[in-house]
Amino acid sequence: MVTDNLRRVRALANHVDPARGVPAHHRPGFTVAVLGAAGGIGQPLSLLLKRTPLVEHLHLYDIANVAGVAADVSHVNSDATVRGFTGPAQLGAALAGAHLVVIPAGIPRKPGMSRDDLFNVNAGIVRDLVAACAKHCPKALLNIISNPVNSTVPIAAEVLKKEGVYDPKRLLGVTHLDVMRARVFVAQALGADPNDIDVPVVGGHAGITILPLLSQVTCSQKSDLSAAQVEHLTERVQNGGTEVVNAKAGAGSATLSMAAAAAEFAAACLRALAGHRNVTAYAYVASDAVRSLPFFATKVRLGRDGVEHNYGVPSRGTSPFEKAALEKLVPELRASIDKGVAFVANGDEAHRRRAAQQRRAAAGQAGNSDVRASGVSQIPA
Ligand SMILES: NC(=O)c1ccc[n+]([C@@H]2O[C@H](COP(=O)([O-])OP(=O)(O)OC[C@H]3O[C@@H](n4cnc5c(N)ncnc54)[C@H](O)[C@@H]3O)[C@@H](O)[C@H]2O)c1
């Protein structure tokens with residue numbers, strides 16, 4: 001018996017770092033929260049994050065069906081712990097201590113819909129989730145996936161400003177799927193390996209606001225594209241999401257490729273938080289790359305505090321086709337940004353109007369009651 005116990009203690013000691021009392025193979029990492037984790041993107045994204053080396057704690061939040069997802073993902077072999085959180089009452093706990101919050105919550109497109117058609121539902125979802133982030137993890141990096149990204153990122157910025165915790169370096173709209181698609185489509189055209197190709201994709205994340213700069217493709221092999229190929233590939237990258245929406249025929253939009261892109265992007269953010277050097281990615285961020293557009297997607301370098309350098313739009317070598325496309329996207333992107341900003345401002349105005357109406361109605365009712373006499377208002381300010 002004594003020998004058995006000794007053997008067990010010795011076996012345990014072999015796996016424990018004596019200095020810190022933790023398993024020797026354990027690498028400290030980060031807490032990552034996924035909001036909308038039970039959805040089409042959220043589930044495969046959570047799976048991929050469970051296997052992402054720098055993830056130490058994975059917090060999966062949704063308004064429904066997340067307990068099963070968390071239990072399932074928790075059985076995947078990695079050190080990361082997994083916890084599920086359901087509904088607004090558990091949102092604060094889901095966000096507590098988060099270093100990175102990834103937000104794919106909200107409805108996806110169906111055939112015939114534009115991303116902007118999602119605004120009425122998703123704007124409010126993003127506003128409320130970001131307000132919770134401001135309260136419970138104000139220093140976290142935010143990765144916004146919910147569409148329309150062109151508007152939801154400005155919404156997030158306005159909410160964070162209102163809460164007094166806005167740091168533009170920490171708010172990133174996820175456009176990495178556009179970059180992934182551009183690499184794959186260009187690789188197919190060139191007969192090359194997509195992982196051997198870099199295609200800058202700038203602008204925003206909807207239709208013509210997505211602008212792949214095909215004059216700037218870098219590839220270890222010959223990468224000349226004809227004018228016809230450039231036109232075709234540009235349109236294919238811009239409509240890549242619609243290609244998937246139509247193929248799914250009503251069952252949603254890109255989920256698996258999006259999860260892969262979001263996991264790659266999140267991993268880049270975590271490497272940067274961990275102090276790795278020269279971590280670059282494309283993202284839709286607060287920017288002065290294009291005059292009159294406060295948000296724009298470009299290549300950025302990420303560091304411990306988020307975006308540490310914005311490479312802007314490469315001016316040298318951009319083709320006339322790309323210059324014209326850039327000019328054309330400006331008004332559309334500007335309108336989407338303004339719509340997001342107005343949503344937060346008018347939302348408040350509408351809320352104030354509703355509250356004032358309620359107060360007036362209550363004052364009228366209370367005219368015959370003791371409540372008024374005691375000076376106690378039943379209506380919150
Ligand atoms: N950025 C991109 O490149 C990109 C690509 C594809 C899809 N998207 C967008 O991602 C979003 C999600 O797409 P999906 O296919 O996963 O949709 P989905 O309907 O399959 O999943 C969305 C999930 O969000 C949850 N949800 C809804 N309201 C919530 C709230 N208030 N708090 C937390 N969770 C909430 C739902 O319960 C659901 O589980 C959509 O807006 C879609 O347009 C973005």
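Guide: Helices here are DSSP runs of H or I with at least four residues, and strands are runs of E with at least two, both numbered from the N terminus. The structure is a predicted model, in which local features need pLDDT of at least 70 and side-chain atom pairs count only at pLDDT 80 or more, while totals for chains, interfaces and linings use all residues. Residues are numbered from 1 along each chain as its sequence is written.

Visitor: How many helices and strands does the chain have?
Guide: Both kinds of element occur in the chain. The count is 12 helices and 15 strands.

Visitor: What percentage of the residues of the chain count as buried?
Guide: A residue is buried if 20 or more other C-beta atoms lie within 10 Å of its own, exposed if 12 or fewer, and partly exposed in between, with C-beta atoms placed from the backbone. Of the 381 residues of the chain, the buried share is 42%.

Visitor: How far apart are the end C-alpha atoms of helix α10?
Guide: Helix α10 covers residues 256-273, which is 18 residues. The expected span is 1.5 Å times one less than the number of residues, so α10 should span 26 Å. The model agrees with this, as the end C-alpha atoms are apart by 25 Å.

Visitor: Is Asn278 buried or exposed?
Guide: Asn278 sits in the loop between α10 and β13 (279-286). Its phi is positive, near 55°, in a residue other than glycine. Most residues other than glycine have a negative phi. Because Asn278 has 9 C-beta neighbours inside 10 Å, it counts as exposed.

Visitor: Which strand pairs with β3 in the parallel sense?
Guide: Two strands pair if DSSP finds at least two bridges between them. Strand β3 (residues 30-35) has six bridges to its partner, and Val34 stands opposite Leu60 there. The partner is β4.

Visitor: With which residues is Arg181 in contact, leaving aside its neighbours within four places in sequence?
Guide: Arg181 lies in helix α7 (residues 176-190) and counts as buried because it has 27 C-beta neighbours inside 10 Å. Arg181 and Val237 are 56 residues apart in sequence, yet 6.3 Å apart in space, C-alpha to C-alpha. Contact needs C-beta atoms, placed from the backbone, within 7 Å. By that rule the residues are Val237 and Gly240.

Visitor: What is the omega of the peptide bond from Asn147 to Pro148?
Guide: Pro148 lies in the loop between β7 (141-144) and α6 (149-162). Most peptide bonds are trans. The bond from Asn147 to Pro148 is cis, with omega near -5°.

Conventions:
Contact = placed C-beta atoms within 7 Å.
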